[in-house]
Structures are given as structure tokens and as C-alpha cells.
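Dear colleague,

Please find below the structure that I am handing over to you. My notes on its metal sites follow it.

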Amino acid sequence: MKNYHTHTKRCYHAINTEEEYILAAIKSGYTELGFSDHSPWHYDSSFHSTMRMEEDKLKGYVCTLKQLKEKYKNQISIKIGLECEYFEKYMPWLEKTIQEYELDYIILGNHYDETDETGIYFGQPLNQQQLTKYVDSCIKGLRTGLYSYLAHPDLAYYDIYDSFYTQEMTRLCLEAKELDIPLEFNLLGFSTHRQYPNEVFFKIAKKIGNKVIIGTDAHESSALLDLKIYHEAKSYLKRLGIEITEDIKFLR
Ligand SMILES: [Zn+2]
Ligand SMILES: [Zn+2]
């Protein structure tokens, strides 16, 4: 069992230390655990995000994880990554950062339009133009080849029964299929009954033939102990006839 969507208290809206997540994962029988806390960004403005680690905390995050990876190497494999947006103008900084810290992978969590300094949150009710922007920026991000998978692909908040939703999400699924990038079934949303994951989206993914990966999106270490919800999600996806994968491509 593997999970690549794990936060830590460094992003200000999660709790528990890296080590507490690792111990929970070992207890549950995970063979591999990937950390993907919310990436900082090197903003042009003095903007401070309340949902990401600060830029100067990144070094501590990576160093801590490297030490823990060594400490627990006989019990679990640890991968070091980040959950990142696709902020086009800041991508050179992100690419430099991935190299500098030798990150194993990043996942695409497309929460904000263009940059969270000014852009809207895609999880709020969107109009057609905004839904199109969500899909366009997901596609641009995936095409960079940097992201191992698309987290909560159905985060965009739009009437799922409208044909425009099907049209746009079909476009997204076709691109992910073409690029062979898995789409995430988000366990946090599933267990807390958010608007995602939604069945309409995953029926589209089934039709297109996308691979789907279950991501815990753990914001507390106990999420990794909840195997009941994990197995419920797996059965749900199997009922929909979806191909489940646990494997992602790494950057190194
Ligand atoms: Zn996210
Ligand atoms: Zn997340």
C-alpha cells in the first residue's frame, strides 16, 4: 500500500510532525509514504499565504525528511515531494527548487487561478470561463512533465449535471490519458463529503480510461490509520470499473 499525498503542520492547516505520519503509515502497513506538503512560492509581492509553508521552512522540511527516511529505511520507503500549483510565472523558481532540494516528485494541486496573490480559488462556485481556466491551467501544468499526478482533479466547483461540465472535464481526462498521468481520488474529500470526489467526474474518467490513484491528502497522522475509508474508496472505484494504480513516475 502506498500514499503520496501527505501534509505536515508546516502548512499551517495540518497537524502532526513528519515522524508521526511515518509511524502511522508503518502501523497501517504502508510500504511507501510520500510527503507532499503545500509548496511555498517565491512571490514578487509581499503576499503571505496562510495555507503553505514559508519559503525559509523548505530546507527544514527536506532535511527532516531525509533524516527520517534513513532512520526508518528498514520499515518503510519515504519519498520527498511537494503539492504544487501551476503558477506559470513562478515555474522557473519551482524547477530550480526541485533541483536544489533533489525532490523525488511533485503533484499538481490546482487550487488558485494564476497565483494566489490575486487569483480566485477554484473550489468556489465558478462560471464557464473560470471552469475553462481551471481545465486549461491543469492541462498546461501536466504538459510540463514535472507533475507525477493530478490531485483532486474535480476540485473545480461547477454544476456537475451541466453538459458544459462534462465537456470540460472530458477535455481534462483526455489530456491526462494522452500523457499517461494518473488522476487522484481524494480521500480527504471522500471522508468529509466535500464536493469532490464526485461520481460524474469519475464516470467520465472511466469512459476515457484514465488511471486513478487514491490519495489520502492526510492533514493529520490519524488519516493514515483509517483503513476503513481507504477500502471503501477502493470498492467504490472498483464498482465504477475504474483502473486503480498505486504507481507514479518519479523525477529521479
Ligand atoms: Zn490540495
Ligand atoms: Zn493536499
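Does H152 count as buried or exposed? At 1% relative accessibility, H152 counts as buried, where buried means under 20% relative accessible area, exposed over 50% and partly exposed in between (1.4 Å probe, protein chains only).

This is a predicted model, in which local features need pLDDT of at least 70 and side-chain atom pairs pLDDT 80 or more, while totals for chains, interfaces and linings use all residues. Residues are numbered from 1 along each chain as its sequence is written, chains are lettered from A and ligands numbered from 1 in the order in which they are written, and side-chain values use heavy atoms, without hydrogens and water.

The zinc ion (ligand 1) is coordinated at 2.1 to 2.2 Å by H152 (NE2), H111 (NE2) and E83 (OE). Donors are N, O and S atoms within 2.8 Å of the metal (3.2 Å for Na, K and Ca); water is not among the atoms, so sites may look incomplete. Along the chain, these donors follow the spacing E-x27-H-x40-H. H111 also counts as buried, at 7% relative accessibility.

E83 bridges this ion and the zinc ion (ligand 2), and the two lie 3.4 Å apart.

With kind regards
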